[in-house]
Amino acid sequence: MSTAEFAVTFKEAGRSVIATRRPWREFLDPLSLSLPSSLSDATSRISQNLTRFLSNYCLVVLLLIFLGLIYHPFSMIVFFLVFVAWFVLYFSRDDPIRVFGFELGDFVLVIILGLATGLALALTGVFVNVLISLAIGAMVVCLHAALKGTEDALEDLQDPFGDTLLESPRGDYSGI
């Protein structure tokens, strides 16, 4: 992949993340926070909000990892390089990767990248920092997702054309 192709792919992926991200005003609206009525309601809210705000939650967790590495600039550079490797080798490619004539499947690639990530974290000595940042991120995400009401999610499910597609110029079909 040439530098120009990489730049275009990176730009397209960035646009897709921005396109799936919900507005921060909606995400952080304090008026939409409320206690769930039951454990079932909390798990339902978590499921719906994780689906709806996945990009926002990912950015929050990445920010927490970044803040956990703020006093380790070398580790931050390594973390950035590992992130770029994941992005280039896994998220932004369309064609399978071939090494010495053998095609690497997604599962093998995830294992290799996961081992490389773990090795990079172990060698830079920030494994505990990243683990704590991930745990704090998971708690923040679950707490927000459980407290964020899902009543405003119904607006997303409405037909963008309104009721015009449901109406017939010949009247209703009850006489058939």
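## Thr150 and its surroundings

The side chains of Thr150 and Gln48 are joined by a polar contact of 3.2 Å. A polar contact is a pair of N or O atoms within 3.5 Å; within protein, one must be able to donate a hydrogen and the other to accept it, and residues adjacent in sequence count only if both atoms are side-chain atoms. This is a predicted model: local features need pLDDT of at least 70, side-chain atom pairs count only at pLDDT 80 or more, and totals for chains, interfaces and linings use all residues. Residues are numbered from 1 along each chain as its sequence is written, and side-chain values use heavy atoms, with hydrogens and water left out.

Thr150 sits in the loop between α7 (127-147) and α8 (154-157). Helices (H or I, at least four residues) and strands (E, at least two) are DSSP runs, numbered from the N terminus. Leaving aside residues up to four places away in sequence, Thr150 touches Arg45, Gln48 and Asn49. Contact here means heavy atoms within 4.5 Å. Thr150 counts as buried because its relative accessibility is 18%. The cut-offs are under 20% relative accessible area for buried, over 50% for exposed, and partly exposed in between (1.4 Å probe, protein chains only).

## The chain as a whole

The chain has 8 helices and 2 strands. Their order along the sequence is α-α-α-α-α-β-β-α-α-α. Of the 176 residues, 24% are buried. The chain exposes about 12,700 Å², and carbon and sulfur atoms supply 70% of that area. Areas come from the Shrake-Rupley method with a 1.4 Å probe; for residues, only the protein chains shown count as cover.

Among contacts with a separation of 6 or more, 75% come from residues 24 or more positions apart.

Helix α4 (residues 54-68) has 15 residues and spans 21 Å between its end C-alpha atoms, close to the 21 Å expected at 1.5 Å a residue. The expected span is 1.5 Å times one less than the number of residues. Buried in α4 are Ser55, Asn56, Tyr57, Val61 and Ile65.

α7 has 21 residues and reaches 30 Å, close to the expected 30 Å. Its buried residues are Val130, Ser133, Gly137, Val141, His144, Ala145 and Ala146. Their cover includes α2 (24-27), α3 (39-52), α4 and α6 (106-124).

## Annotated segments

The unreviewed UniProt entry annotates "transmembrane region" at residues 53-70, 76-92, 104-124 and 130-147. UniProt positions follow the numbering used here, feature names are shortened, and annotations may be inferred rather than shown by experiment. Residues 76-92 are 94% helix and 0% strand, with end C-alpha atoms 22 Å apart. Residues 130-147 are 100% helix and 0% strand, with end C-alpha atoms 25 Å apart.
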